[in-house]
Amino acid sequence: MTISRERPPFVADERTQLVGWLDMQRALVRRKCEGLAAADEQRVVLPSSPLMTVAGLVSHLRWTEHCWFNVLFLGESFEGNPQFQEEPEDLDMMPGDVPLAQLLDEFEQQCEESNKIIAAHSMDDIGKHPDFGSAKATLRWMLIHMVEETARHVGHLDTVRELLDGEKGYY
């Protein structure tokens, strides 16, 4: 899946604009990882946040997409999603020895699946998982939340990357 780094059109329907903004933020995730040395993929640069590594952030974003669109919206099982495990906390940010390239591929595959879910439903449809209050949100709310969530973590990737090797830049 090739995700566009272009901003969505100034004039378009709501779905086109929201998915466009989300896709641009998703594309920036890969951009922030381009050229990173393998030794830095899981290197900690913020001592008070030892899980905030490039690999950890990409893993977290992948599982967050799954959480909101597959589990909460569609009502699928949360088995296998580390965000739902109580111990250890933040397991989704601990990808182990999984290479960053694989994490990025898995993230982009999940984004493609999320986009199919978004395309197949009304923005006013409500999530279906019976066990979580957050599932009562509309698809619109979830999509807006994912724009916010992804953009926030792109900012984290920006900071971590600059601390790792000095690499900077928005696009």
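This note goes through the salt bridges of the structure.

1. The structure is a predicted model, in which local features need pLDDT of at least 70 and side-chain atom pairs count only at pLDDT 80 or more, while totals for chains, interfaces and linings use all residues. Residues are numbered from 1 along each chain as its sequence is written, and side-chain values use heavy atoms, with hydrogens and water left out.

2. Taking a salt bridge as a side-chain nitrogen of Lys or Arg within 4 Å of a carboxyl oxygen of Asp or Glu, the count comes to 12.

3. One of these joins Arg140 to Glu14, with the closest N and O atoms 2.7 Å apart. Arg140 lies in helix H4 (residues 139-165) and Glu14 in helix H1 (residues 14-33), so the pair ties together parts that are 126 residues apart in sequence; helices here are DSSP runs (H or I, at least four residues), numbered from the N terminus. Arg140 is partly exposed at 23% relative accessible area, as is Glu14 at 37%, where partly exposed lies between buried (under 20%) and exposed (over 50%), using a 1.4 Å probe and protein chains only. Glu14 and Arg140 also belong, with Asp124, to a network of salt bridges.

4. Glu108 pairs with Arg30, the closest N and O atoms being 2.6 Å apart, and this links helix H3 (residues 100-119), which holds Glu108, to helix H1, which holds Arg30, across 78 residues. Glu108 is buried at 10% relative accessibility, whereas Arg30 is partly exposed at 28%.

5. Within helix H4, Arg161 and Asp165 are 4 residues apart, about one turn of the helix, and their side chains form a salt bridge at 3.0 Å, N to O. Arg161 is buried, with a relative accessible area of 3%, while Asp165 is partly exposed at 38%.

Conventions: Helices (H or I, at least four residues) and strands (E, at least two) are DSSP runs, numbered from the N terminus.
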